[in-house]
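This report walks through one protein model, from its longer-range architecture down to individual side chains. Please keep the sequence and the 3D view open while reading.

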Amino acid sequence: SSRVLWTLAVTQFFKPFLESVAVLLGAKPADWKKVTAQPDFLEQLRGFDKDNVARNKSRMNHIKPFLQSPESDPTFMSRIAFDACSLVRWLHGMFQYHEVVVIFEQEMAGVRFHQKEPRESKS
């Protein structure tokens, strides 16, 4: 029926984005249905430990291709589904936080390196 085809089309459209949410929450991409069906799904998003995941490069590398796709644009997504738009914004926010943490940690490593260098005495 046309309703079944519509459901399949919608599922295929949202699947990459829901897989990305599942990955950030620590699940396998294939478990996105289980993750989003949990009664405490929204609480998991609110209480999400962004500091630990920002340092988890494999999770961030998994969601990066989705975030670079045109479908991940919040404005585009808002025309399709408002709730999905909010989750896409959340994904973008977590990724941007990750990028800031990476830059900060690189800068701090440089500062620590320079602090350990012996200083030349002025004689």
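## Helix H7

The 35 residues of H7 should span 51 Å at 1.5 Å a residue, and because its end C-alpha atoms are 51 Å apart, the expectation and the model agree; the expected span is 1.5 Å times one less than the number of residues. The model is a predicted one, in which local features need pLDDT of at least 70 and side-chain atom pairs count only at pLDDT 80 or more, while totals for chains, interfaces and linings use all residues. Residues are numbered from 1 along each chain as its sequence is written, and side-chain values use heavy atoms, with hydrogens and water left out.

Helix H7 covers residues 82-116, and its buried residues (under 20% relative accessible area with a 1.4 Å probe, protein chains only; exposed is over 50% and partly exposed lies in between) include Ala-84, Leu-87, Val-88, Leu-91, Phe-95 and Val-101. His-98 belongs to this helix and counts as buried because its relative accessibility is 9%. Leaving aside residues up to four places away in sequence, His-98 touches Ala-54, Lys-57 and Met-60, where a contact means heavy atoms within 4.5 Å.

## The chain as a whole

The protein chain has 7 helices and 0 strands, counted as DSSP runs numbered from the N terminus (H or I of at least four residues for helices, E of at least two for strands). Of its 123 residues, 28% count as buried. Among contacts with a separation of 6 or more, 61% come from residues 24 or more positions apart.

## Aromatic rings and a charge

The count of aromatic pairs comes to 5, taking rings of Phe, Tyr and Trp (its six-membered ring) whose centres lie within 6.5 Å, with planes under 30 degrees apart called stacked, over 60 edge-to-face and the rest tilted. Phe-48 and Trp-90 form an edge-to-face pair, with 5.0 Å from centre to centre and 70° between the planes. Phe-48 lies in the loop between helix H3 (41-46) and helix H4 (50-54) and Trp-90 in helix H7, so this pair ties together parts that are 42 residues apart in sequence. Phe-48 counts as buried because its relative accessibility is 14%, and Trp-90 counts as buried at 15%.

Ring pairs also link Phe-13, Phe-14, Phe-17, Phe-66 and Phe-76 into a cluster. Lys-50 lies over the face of Tyr-97, at 5.5 Å from the ring centre; a charge sits over a ring if NZ of Lys or CZ of Arg is within 6 Å of the ring centre and within 35 degrees of the ring normal.
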